[in-house]
Amino acid sequence: MEKPLLVGAGNSTAVQEYLEGFPEVQHLGKVLFLLHLLAYLASVMGNSLIITITWADRRLHTPVYFFLSTFSFCECSFITTVIPILLIIFVSGRQSISFAACFTQAFAFLFLGATIFFLMAVLSLDRYLAICKPLHYRTIMSPRTCVLLVTACFSLGFLLMAVPVTMLSQLSFWGPKVIPHFFCDFGPLANLSCSENRPTEMLFFILPFFVLFISLLMTAIAYSNIAVTIVRLPSAKERQKAFLTCSSHLAVLSLMYGSCIFIYMKPKQTSRLDSNREAALVNTVVTPLLNPVIYTLRNKHVHRVLRDALSRVKLQK
């Protein structure tokens, strides 16, 4: 019987792990490849369009579109860390990946994911100030404040995720093994460790809890105040329009927070690994496809900018 290889921080680059993907539906690989490819391209094009028009048109040089374009950049980067590999898995089955690449992917995914949640909280704060404190909005949301808020989101995301991933990378692992996921997440990697990883798992429970709790708390407070302001609007038509907008935002937020709470809010990260794959699809496929439409592309200001851009293109021809 072949003895399993012990992998530590010093020789992890030499060992290949295998991302399992979804073996139960591998017979539908080509169909799933096409569906996920279309969703990926639509999401990337939608977010790229938001970034382009925001920076190209001065009318969109406002705090909310600065935050939205940053959010779109993070979302494009976030899904690009995992979806290309998922597409390969659908076509060829298991996908090999080195330990070094696996930890790099895990850190990029978690760092960008945490940053996105902090940006969601900032966007909620921005909408609260714009709707509930309109007279003070431009004073509070100055260009300097906007840059500081975005910098804080990236810094917190980096620091909070770098610590547990670095600690996990220092453990020893049995290899090679199959990872029961379509990308390298913290739970599946912790499951491969043959070292005592309880302190690392607890730290990773506490830090995502902090990220989700703080961002969810800020979002809940902001939208609660927005709801109170909407109820006081004199026009029934304005109230209906505002509620429709907020309800679509809250629906996407519920999907994002719900899936992440299901995946990460458990002290033992190695439990429920099989069901984590399906839940992860919500944040990597579904919400990135919805966010550009819900947050930006339905906006009248964006429609006007796009119409003007198309008119200029036609005149040049």
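The briefing below is grouped by topic.

This is a predicted model, in which local features need pLDDT of at least 70, side-chain atom pairs count only at pLDDT 80 or more, and totals for chains, interfaces and linings use all residues. Residues are numbered from 1 along each chain as its sequence is written, and side-chain values use heavy atoms, with hydrogens and water left out.

**Overall make-up**
- The protein contains eleven helices and five strands, taken as DSSP runs numbered from the N terminus (helices: H or I, at least four residues; strands: E, at least two).
- Of the 317 residues in the protein, 47% are buried (under 20% relative accessible area, with a 1.4 Å probe and protein chains only).
- The protein exposes about 15800 Å², and carbon and sulfur atoms supply 69% of this area (Shrake-Rupley method with a 1.4 Å probe).
- Among contacts (heavy atoms within 4.5 Å) with a separation of 6 or more, 81% are accounted for by residues 24 or more positions apart.

**Helices α1 and α3**
- Helix α1 (residues 29–56) packs with helix α3 (residues 83–92) at an angle of about 160°, and their axes are 8 Å apart; axes are lines fitted to C-alpha atoms, for helices over the stretch in contact, and angles run from 0 to 180 degrees between N-to-C directions.
- α1 and α3 are therefore roughly antiparallel to each other (an angle over 145 degrees).
- The crossing of α1 and α3 is left-handed, meaning that the near helix is turned anticlockwise from the far one by less than a right angle.
- Residues of α1 including Leu-32, Phe-33 and Tyr-40 meet residues of α3 including Ile-83, Leu-87 and Phe-90.
- The residues of this contact comprise ten nonpolar, two polar and one charged (nonpolar: Ala, Val, Leu, Ile, Met, Phe, Trp, Tyr, Cys and Pro; charged: Asp, Glu, Lys and Arg; polar: the others, Gly among them).

**Helices α8 and α9**
- The axes of helix α8 (residues 198–231) and helix α9 (residues 236–264) cross at roughly 165° and come within 11 Å.
- α8 and α9 are therefore roughly antiparallel to each other, and their crossing is left-handed.
- In α8, residues including Phe-204, Leu-212 and Tyr-223 meet residues of α9, among them Phe-243, Leu-253 and Tyr-264.
- The contact of α8 with α9 involves 19 nonpolar, three polar and one charged residue.

**Ser-98**
- Ser-98 lies in strand β3 (residues 95–98) and is buried, with a relative accessible area of 16%.
- Ser-98 and Glu-17 are 81 residues apart in sequence, yet 5.9 Å apart in space, C-alpha to C-alpha.

Notes. Parallel < 35°, antiparallel > 145°, perpendicular 65-115°, else oblique. Buried < 20%, exposed > 50% of the residue type's maximum accessible area, 1.4 Å probe, protein only.
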